[in-house]
Amino acid sequence: MKNINFINFEELPSTNTYALTNIDNLSDKTVIVANIQKRGKGRLGRVWISDNPENLYFTIVLKSPKNLKVKLPFVNPTQYMAVIICETLESYGVKPQIKWPNDVLVDGKKISGILAEAFIKADDLPRIVLGVGVNLNSTPEEIEKIDQKATSLNLELNKKIDKKLFLDKLLENFFEKYDEFLLQGFPLIKEDYIQRSPFIGKEVTISSLNSNFNAVAESILDDGSLRIKIGDEFKNLNAGDLTLI
Ligand code: BTN
C-alpha cells in the first residue's frame, strides 16, 4: 500500500497510547500493530483484553491535511472505520451489524471495537489516533471472560483466520475511500452505515457516563449523531452506549 508506514511490536501497553505519546514523530496514516497489549483500552474507560497474539490490535495515526474544510475530529472516523470493518467481515461470509456509534457485532455479539482518541493543541491541526481490536481467533474460554456478549470470526466460521491477510484487506479498503471521506464526511457512508444498523426504529436503553434511560432510536443524522425520542421529545446524541430492549 502506498504512503502507509507500518510499525510492528511484539508487545505494547496499548497501540493507542503509543501513537498518542509519539504523535509528533509519526506521519499521517502510520499503522501501529502489536501482537499483544498489556493495557488495552476500551471505550468508556473499559479494558480491552489483548493477550491473544492471533487477535488483531492496531492503531492508525490520522492528521488533518492543511487544506481540509471539515476537520478530522468532526467527521466521524470511527463510524467510517465501523463500515470498513463490516465490509471486510462480509468478505468472509458473515453478516455484521453496527451498534451506534461504532461497535461491530455478529449475531448480536461484539466482534470488534474501535476507540478514537484526539490530540488537539491550540492553533494546531487536529490529529487523532484510531484504535481497532478485532476478535479473529479467540477461544471459547477467552470469549467467556469478556464482560459483554462477544464472538470471534474463527468461531463463526469454524476455521483459523489469517491475521495478516485480514489486516491487509481492511487497510486497503480503509485507505481506498479515506481521502474522499475526508472531503465529504459522514454523508459518504451514511447509507452503508444505516443499512447495517438494526436498532434504528427500535426501543433502546442508552447508558452514558452518569445516566441510563430508555428511548426510541429514531434515525442517524448527517453528522453521524443519533436522533432519539424520549416521550414526546427529540434529542441528538453524540456519545453513549446502546442496548436493545
Ligand atoms: C471498545 O471498547 O469497543 C473499543 C476497543 C478498542 C480496542 C483497540 S485494540 C487497539 C487499540 N489500542 C487500545 O488500547 N485500544 C484499541
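**Entry 1**

I take a helix axis as a line fitted to C-alpha atoms over the stretch in contact, with angles running from 0 to 180 degrees between N-to-C directions. The model I am reading is a predicted one. Two packed helices are described by the angle between their axes and the distance between the axes.

I looked up helix 2, residues 77-90, and helix 5, residues 163-184. Their axes come within 9 Å. They cross at roughly 135 degrees. Angles over 145 would count as roughly antiparallel and 65 to 115 as roughly perpendicular, and helix 2 and helix 5 are therefore oblique to each other. I also noted the hand: helix 2 passes helix 5 in a right-handed crossing.

Next I listed who makes the contact. Helix 2 contributes Pro77, Tyr80, Met81, Ile84, Ile85, Glu87, Thr88 and Leu89. Helix 5 contributes Phe166, Lys169, Leu170, Asn173, Phe174, Lys177, Tyr178 and Phe181. I sorted the residues of this contact by type: 11 are nonpolar, two polar and three charged.

**Entry 1: the rings**

I then turned to aromatic pairs, where ring centres must lie within 6.5 Å. The count by this rule is nine pairs. I opened one of them, Phe175 with Tyr178. The ring centres are 6.2 Å apart and the planes stand at 80 degrees, so I logged the pair as edge-to-face. Phe175 and Tyr178 both belong to helix 5, three residues apart, which puts about one helical turn between them.

Are these two residues buried or exposed? Phe175 has 14% relative accessibility and counts as buried. Tyr178 has a relative accessible area of 1% and is buried too. The cut-off I used for buried is under 20%.

Tyr80 sits on the helix 2 side of the contact from Entry 1, and Phe174, Tyr178 and Phe181 on the helix 5 side.

I checked Lys163, which lies in helix 5. Lys163 is buried, at 15% relative accessible area. I set aside neighbours within four places in sequence and asked what Lys163 touches. The contacts are Asn35, Pro53, Glu54, Asn55, Leu56 and Leu136. I also took one distance: Lys163 and Asn137 are 26 residues apart in sequence, and their C-alpha atoms are 8.5 Å apart.

The peptide bond from Trp100 to Pro101 is cis, with omega near 0 degrees. Pro101 is in the loop between strand 4 and strand 5 (103-106).

Leu44 has a positive phi of about 50 degrees, although it is not a glycine. Leu44 is in the loop between strand 2 (31-37) and strand 3 (56-63). At 41% relative accessible area, I put Leu44 down as partly exposed.

Asp107 also has a positive phi, near 60 degrees, in a residue other than glycine. Asp107 lies in the loop between strand 5 and strand 6 (109-119). Its relative accessibility is 57%, so Asp107 counts as exposed.

**Entry 2: spot checks**

Lys95 first. Where is Lys95 found? I located Lys95 in the loop between helix 2 and strand 4 (96-99). Lys95 is exposed, at 70% relative accessible area. Beyond neighbours within four places in sequence, Lys95 is in contact with Leu105 and Val106. From Lys95 to Ile128 I read 33 residues in sequence and 29 Å in space, C-alpha to C-alpha.

Ile143 next. Ile143 is in helix 3, residues 140-144. With 12% relative accessibility, Ile143 counts as buried. Leaving out neighbours within four places in sequence, I found Ile143 in contact with Asn135, Ser138, Ala150, Thr151, Ser152 and Leu155. I then ran a distance to Met81, a residue of the helix 2 contact.

Asn212 is in strand 9, residues 212-220. Its relative accessibility is 60%, so Asn212 counts as exposed. Not counting residues up to four places away in sequence, Asn212 touches Ile206 and Ser207. Asn212 and Ile98 are 114 residues apart in sequence and 21 Å apart in space, C-alpha to C-alpha.

Methods: Residues numbered from 1 in each chain as written. Predicted model: local features only at pLDDT ≥ 70, side-chain atom pairs only at ≥ 80, totals over all residues. Heavy atoms only, no water. Helix = DSSP H or I, 4+ residues; strand = E, 2+ residues; numbered from the N terminus. Parallel < 35°, antiparallel > 145°, perpendicular 65-115°, else oblique. Left-handed = near helix turned anticlockwise from the far one by under 90°. Contact = heavy atoms within 4.5 Å. Nonpolar A, V, L, I, M, F, W, Y, C, P; charged D, E, K, R; others polar. Phe/Tyr/Trp six-rings, centres within 6.5 Å; stacked < 30°, edge-to-face > 60°. Buried < 20%, exposed > 50% of the residue type's maximum accessible area, 1.4 Å probe, protein only.
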